[in-house]
Amino acid sequence: MSALHRSPTDALLTIPEAALRLGTPTRFVRRLVAERRIGFTKVGRYVRFSNADIDAFIAAGRVEPIDRWAQRP
């Protein structure tokens, strides 16, 4: 598939686009990159994110609820 015919789901996101998707400031996304807490792709000197990178970061932060009543003796 050529670059001209890629679907929007295959597109790499910029830092501002990733921040918008995460609902965070761009500074937070830059910190995630600096701390290597999110996957990213280097394109020359530019940092880009795939949708899979964003989805994996969101999934890694998922916290399951606990049922406090089920834990009682």
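Asp53 is buried yet makes no salt bridge; Arg21, the nearest side chain of opposite charge, sits 9.2 Å away. Keep in mind that this is a predicted model. Asp53 belongs to helix H3.

So what does Asp53 touch, once its neighbours within four places in sequence are left aside? Its contacts are Ile38, Gly39, Phe40, Thr41 and Arg48.

## Arg21 and its partner

Arg21 does have a partner, and that is Asp55: the two form a salt bridge, with their closest N and O atoms 2.5 Å apart. Asp55 is in helix H3 and Arg21 in helix H1, so this pair ties together parts of the chain that lie 34 residues apart in sequence.

Are these two side chains buried, or are they partly exposed? Asp55 has a relative accessibility of 38%, so it counts as partly exposed. Arg21 is partly exposed too, with a relative accessible area of 39%.

The structure holds four salt bridges, and some of them join up: Arg31, Glu35 and Arg37 are linked in a network. Glu35 pairs with Arg31, where the closest N and O atoms are 3.7 Å apart. Glu35 also meets Arg37 in a salt bridge, at 3.1 Å from N to O.

Glu35 comes in at 42% relative accessibility, so it is classed as partly exposed. Arg31, at 43%, counts as partly exposed as well, and so does Arg37, with a relative accessible area of 44%.

## The inward side of H1

Back to helix H1, which covers residues 15-22. Which of its residues are buried? They are Ile15, Ala18, Ala19 and Leu22. Looking down the axis of H1, you'd find these buried residues within an arc of 100 degrees, which means they line one face of the helix.

What do they pack against? Their packing partners are helix H2 (26-34), strand S2 (46-48) and helix H3 (51-60). After H1 comes Gly23, which has a positive phi, near 75 degrees.

## A nonpolar patch outside

Now for the surface: Leu12, Val43 and Tyr46 make up a nonpolar patch there, and together they have about 250 Å² of accessible area. Leu12 is in the segment before H1. With 32% relative accessibility, Leu12 counts as partly exposed.

Notes:
Residues are numbered from 1 along each chain as its sequence is written. This is a predicted model: local features need pLDDT of at least 70, side-chain atom pairs count only at pLDDT 80 or more; totals for chains, interfaces and linings use all residues. Side-chain values use heavy atoms; hydrogens and water are left out. Buried means under 20% relative accessible area, exposed over 50%, partly exposed in between (1.4 Å probe, protein chains only). Helices (H or I, at least four residues) and strands (E, at least two) are DSSP runs, numbered from the N terminus. The arc is that of the directions from the helix axis to the C-beta atoms. Contact means heavy atoms within 4.5 Å. Patches are made of residues with over 30% relative accessible area and no salt bridge: like charges are joined within 9 Å, nonpolar side chains (Val, Leu, Ile, Met, Phe, Trp, Tyr) within 5 Å. Accessible areas come from the Shrake-Rupley method with a 1.4 Å probe; for residues, only the protein chains shown count as cover. Lys and Arg count as positive and Asp and Glu as negative; His and the chain ends are not counted.
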